[in-house]
Amino acid sequence: MPEDTTARHKEYWRRNIRYVGMLLAVWFLVSFGFGILLVEPLNSVNLPGTAYPLGFWFAQQGAIYVFVVLIFVYVKLMNGLDQEFGVSEEDGA
Amino acid sequence: MTAQQWTLALVVASFALYIGIAIRSRASTTKEFYVAGTGVSPLANGMATAADWMSAASFLGMAGLISFMGYDGSVYLMGWTGGYVLLALLLAPYLRKFGAFTVPDFVGDRYYSQTARIVAVVCAIFISFTYVAGQMRGVGIVFGRFLEVDIDVGVYIGMAVVFFYAVLGGMKGITYTQVAQYCVLIFAYLVPAIFLSIMVTGNPIPQLGLGGVDLASGMPLLERLNGLNTELGFTEYTSGTKSMLDVFFITTALMVGTAGLPHVIIRFYTVPRVRDARVSVGWALVFIALLYTTAPAIAVFARTNLINSISETPYSEVPEWFTTWEDTGLLRFEDLNGDGRIQFVGPNSPMENELTVDNDIIVLANPEIAELPNWVIGLVAAGGLAAALSTAAGLLLVVSSAVSHDLLKRSLMPEISERGELLAARFAAAAAVLFAGYLGTHPPGYVAQVVAFAFGLAASSFFPIIILGIFSKRTTREGAIVGMISGIALTGAYIVWFTLMHPELSNADNWWFGISPQGIGTVGMLLNFAVTMTVSRFTPEPPEHVQRMVDSIRVPRSVA
């Protein structure tokens, strides 16, 4: 059993790293990407339906909203992963 | 009721609330004192974290700063929120599983070294004290402006209140007062913002109003402000003046610094389970985002209002608030060309600027500029105090637990009893409050630079070694110690050189690659990562029990 558990934990950790990597890619894209590196080209259009230049919107509003969503997506993914691998804290102490 | 009576009433009422909560939540064990008995619900912890995090600078200073910096102000907005993503994904759940009381606790155990623990204690205390000085000062200033008491007296009153709930209740008392303080501060921030948004754009939601239409001119608001800025010789509001590289580095330093601040990290020790720690960071960011997405809207409303109401206005016809704030020294007018009118112009204008506006005034004077009722003015004062006191208390707890837990219990006097440690914690908290009060009444002349220092230090010391401690089992104590010291040394030397020793040289021509002292923490962090990983490769791998510990913190619950 211990061998088996170790292998399961390794797989759990690998999946966790993959989730974190994906989410951090989005984190980087909306802040450093859209809000800083690409801010000028994006500013030539407005956020649809508003008078916000798009790059400026990402830098001062949009990135923050995306950050919030990212954390809740992570929570959902990880709770699912905990269940799948039988390491959820809901099943007992 | 006058504004001053309202202020007094609201401040006294809010203080009574905080003290009442403190009496109800006294700590009777060290676990309660350090981590509130790990019984805080994720939602309550999210609110407490938000209050812990948002300081006098966020509440009073940030909107003003953005108002004058325009797009460049984005570094604070993204930097001070993006760090929470790092905290949620890379730190909080694992540190909660580790289940320690302090940050040096983790560093000392993971790196099986008393030296590492002591280096961490010194960093934690230094970061917290540099930060707390500004908070106490903020308390004094709010008292001074709104209640016309001496700034020092204001600091003493603030100290007395913090003393009461930090010494008595420890983390438990602090947590529940912070929940109340969050409610006070967010209400106080949003009410004037909503009034202003309706006034300027007709939309009651400031976040939408910012992207809306300026009622006075019928033009899109941001376009209107860009026009006004250009006309007056400032840079367009939605473009910046900082180099892209510097914006990139400052944003990174603030994000990483946020995730490495000990008073923020320890908040996630207080929830019952790993899954609670994850979602709690999410709640914290929701509560923080409420203020942080409102601030840029206030910045634009206030700037448009300011320009519209005073630019080229004859000095003899200025509104009443102008004179009131002139008396405080936050607003200064000097009629350089003697035409009797106020020229508020930027560096690209052929005329000379005659008006100096302090950043803090944007939030403080908003209710008066917008002619809001007197109770709103009192509310803003109570909100500013809540923001400053909640942050101060969180920082002081870090100092007290670093002394009583890490220094006494874990290093010098391992035999100390539970009661003895609790007593030591209370004494340390009391001493920290007194020292913070001293800093508040005798502020170093460079508070703002010193706060940048706290972020740079947190970014270049704690963040890399905590991350590596979790994500790389091969990281050794030698690597961590050398890495922390080289990160801090580089960051510290750069900041001290440019802000304390040679402020006259501090400009883009002399900075390395144009990276300002605010952004140097990013370089320190990268250096720390590189040094720690390299040294770890050439030193003996960590002992078996440490590797097992790393395995166990990676999984919420081990299967039997």
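Contact here means heavy atoms within 4.5 Å. I'm jotting that down before anything else, with a reminder that this is a predicted model.

**Entry 1: Ser516(B)**

I started at Ser516(B), which sits in the loop between α21 (477–501) and α22 (520–537) of chain B. Leaving out residues up to four places away in sequence, I get Asp246(B), Ile250(B), Tyr494(B) and Trp511(B) as what Ser516(B) touches. Its relative accessibility is 5%, so I wrote it down as buried.

**Entry 2: the interface**

Next I looked at where chain B meets chain A. How many residues does each chain bring to the contact? Chain B gives 53 residues and chain A gives 47 residues. The two chains bury about 4500 Å² between them, with 71% of that on carbon and sulfur atoms.

I then checked for charge pairs across the interface of chain B and chain A, and the rule finds 1 salt bridge. The partners are Arg278(B) and Asp82(A), side chain to side chain, at 3.0 Å from N to O.

Which helices of chain B supply at least two residues each to the side that touches chain A? I noted α5 (74–98), α11 (244–260), α13 (274–292) and α20 (462–471). The largest share of that side, 13 residues, comes from α5(B). Sorted by class, the side of chain B that touches chain A has 34 nonpolar, 14 polar and 5 charged residues.

**Entry 3: the core, and Tyr84(B)**

The largest nonpolar core has 226 residues, and the members touching the most others are Trp53(B), Phe59(B), Tyr84(B) and Tyr292(B). Helix α8 (residues 151–201) of chain B brings the largest share of this core, 21 residues.

**Entry 4: Arg96(B)**

Arg96(B) is in helix α5 of chain B. Buried or exposed? Arg96(B) has 12% relative accessibility, so it counts as buried. Apart from neighbours within four places in sequence, its contacts are Thr38(B), Phe268(B), Tyr269(B), Val271(B), Pro272(B), Arg273(B), Val274(B) and Ala277(B).

Arg273(B) from that list has a charge partner of its own: the side chains of Arg273(B) and Asp276(B) form a salt bridge at 3.2 Å, N to O. Arg273(B) is partly exposed at 31%, while Asp276(B) is buried at 8%.

Why do I call helix α6 (residues 103–110) of chain B largely enclosed? Because 7 of its 8 residues are buried. Those are Val103(B), Pro104(B), Asp105(B), Phe106(B), Val107(B), Gly108(B) and Arg110(B).

I also looked at the ends. Thr102(B) caps the N-terminal end of α6(B), with a side-chain oxygen 3.0 Å from the backbone nitrogen of Asp105(B). After α6(B) comes Tyr112(B), with a positive phi near 35°.

Asp105(B) turned up again in a salt bridge with Arg410(B), where the closest N and O atoms are 2.7 Å apart. Arg410(B) lies in helix α17 (residues 374–412) and Asp105(B) in α6, so this pair ties together parts 305 residues apart in sequence. Asp105(B) is buried at 3% relative accessible area, whereas Arg410(B) is partly exposed at 29%.

**Entry 5: Gln343(B)**

I found Gln343(B) in the loop between β1 (331–333) and β2 (355–357) of chain B. At 1% relative accessibility, Gln343(B) counts as buried. Its side chain makes polar contacts with the side chains of Asn337(B), at 3.1 Å, and Asp339(B), at 2.9 Å. Beyond four places in sequence, the residues Gln343(B) touches include Glu312(B), Met351(B) and Leu355(B).

**Entry 6: salt bridges overall**

Searching the whole structure, I get 13 salt bridges over all chains. One on chain A joins Arg14(A) and Glu11(A) at 3.2 Å, N to O. Both sit in helix α1 (residues 2–37) of chain A, 3 residues apart, about one turn of the helix. Arg14(A) is partly exposed at 47%, and Glu11(A) is partly exposed at 28%.

Notes
Residues numbered from 1 in each chain as written. Chains lettered and ligands numbered in written order. Predicted model: local features only at pLDDT ≥ 70, side-chain atom pairs only at ≥ 80, totals over all residues. Heavy atoms only, no water. Buried area = accessible area lost by both parts, 1.4 Å probe. Salt bridge = Lys/Arg side-chain N within 4 Å of Asp/Glu carboxyl O. Helix = DSSP H or I, 4+ residues; strand = E, 2+ residues; numbered from the N terminus. Nonpolar A, V, L, I, M, F, W, Y, C, P; charged D, E, K, R; others polar. Core = buried A, V, L, I, M, F, W, Y, C linked by side-chain atoms within 4.5 Å. Buried < 20%, exposed > 50% of the residue type's maximum accessible area, 1.4 Å probe, protein only. Polar contact = N/O pair within 3.5 Å; in protein donor to acceptor, adjacent residues only side chain to side chain.
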